[in-house]
Amino acid sequence: MRIDVITLFPDLFEPFTQQGVVRRAYDSGVVQLRLWQLRDFATGNYRRIDDRPFGGGPGMVMAAQPLADALAAIRSDRNEPADQQAPVVLFSPQGTTLTHERVSAFAAEDKGVIVVCGRYEGIDQRFIDRHVDAQWSLGDFVLSGGEIAAIAWLDAVARLMPGVLGDADSHGQDSFNAALDGLLDCPHYTRPGTWEGATVPTPLLSGNHAAIAAYRRQQSLVATARSRPDLIHAARVAGALSKADEVILKASAPDSPI
Ligand code: SAH
């Protein structure tokens, strides 16, 4: 999967492609990341890519032309048939909030994307209107640039790509995954068995696989009901909750409407 990124800060990406498990995705070429320095597409003595906003107000706005020139260079480098051009995505607080569902759908499609990272007050709307196919947000808060959002998204995509995580750290059992019916993960424990007086829940020490699985399911249900009742609702609507699950939920919060 090829991902091109237009950014004023390409160096920010490098450490995140060279550390941890996702490094495998880049080293093996499963994810091909190309970083494009927007300033290389600026013209004039000062190589400016921004200017003051029409209508006044604080801050600067990224100009349309350098962005369009960077995009044209990427398109020519990708050299895709006209009907198979990679979509252009802008990271923006005004976009659709990213979720596991959206990230994993993207990872499964394997078709690549051209990512634009904004800075300052954002980018000239005319570039968005003409070239941007989708806008993605990391959440309802404002970052100083799209790079952090893009890096977070890249990390989430890379770890889902085939062969990136070994069996030992497989993502299938993580929160939001189908194997958990979209619920949150259960709590985890490791040695020592007693830490500062706190012990490990006994089912996890039993060696009984069915008992361990039942305990983890119960913990996952209770944790999800407590902090993400919307996910319980979604699992119920999808028909993923068993009678036993419902008994656990009822017992954990008998008066709750969920
Ligand atoms: N004036 C804009 C915010 C600009 S922040 C507004 O109020 O909507 C500067 C840049 O940071 C944006 O262009 C975008 O690329 C990035 N950014 C900020 N918050 C983000 C978020 N929650 N998700 C993704 N990108 C974000």
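Guide: The whole structure holds zero disulfides. The model is predicted: local features need pLDDT of at least 70, side-chain atom pairs count only at pLDDT 80 or more, and totals for chains, interfaces and linings use all residues. Residues are numbered from 1 along each chain as its sequence is written, and side-chain values use heavy atoms, with hydrogens and water left out.

Visitor: What makes a pair of cysteines a disulfide?

Guide: Two cysteine sulfur atoms must lie within 2.5 Å.

Visitor: Why is C117 called buried?

Guide: Buried means under 20% relative accessible area, exposed over 50%, and partly exposed in between (1.4 Å probe, protein chains only). C117 has 1% relative accessibility, so C117 counts as buried. C186 has a relative accessible area of 10%, so C186 is buried too.

Visitor: Why is the pair of F91 and W136 called edge-to-face?

Guide: Rings of Phe, Tyr and Trp (its six-membered ring) pair if their centres lie within 6.5 Å; planes under 30 degrees apart are stacked, over 60 edge-to-face, the rest tilted. By this rule there are six aromatic pairs. In one of them, F91 and W136 lie 6.0 Å centre to centre, with 75 degrees between the planes, and the pair is edge-to-face. F91 sits in strand β5 (residues 88-97) and W136 in strand β7 (residues 134-137), so the pair ties together parts 45 residues apart in sequence. Helices (H or I, at least four residues) and strands (E, at least two) are DSSP runs, numbered from the N terminus.

Visitor: What makes the pair of W136 and W153 tilted?

Guide: The angle. Their planes stand 50 degrees apart, and the centres 5.3 Å. This pair links strand β7 to helix α6, 17 residues apart. Both W136 and W153 are buried. Ring pairs link F91, F106, W136 and W153 into a cluster.

Visitor: How do you know that a space is a cavity and what makes one a pocket?

Guide: On a 1 Å grid over the protein atoms alone, a cavity is a set of points where a 1.4 Å probe fits but cannot get out; a pocket is an open set with protein on both sides within 12 Å along at least five of seven lines; lining residues have an atom within 4 Å of a point. Grid points are joined across faces, edges and corners, and a volume is the space filled by probe spheres set on the points. The search finds one cavity of 30 Å³ or more. The largest cavity has a volume of about 50 Å³. Its lining is F13, F16, T17, Y26, L33, I151, L154 and D155. The largest pocket has a volume of about 480 Å³. Of its 25 lining residues, the closest to the centre are F91, S92, P93, E121 and G122. β5 supplies the largest share of that lining, five residues.

Visitor: How do you know that the second largest pocket lies between domain 1 and domain 2?

Guide: Domain bounds come from an automatic or database domain assignment. Domain 1 (2-158) and domain 2 (175-252) both give residues to the lining, so the second largest pocket lies between them. The C-alpha centres of the two domains lie 37 Å apart. The second largest pocket has a volume of about 340 Å³. Among its 15 lining residues, H100, E101, F176, G182 and L231 lie nearest its centre.
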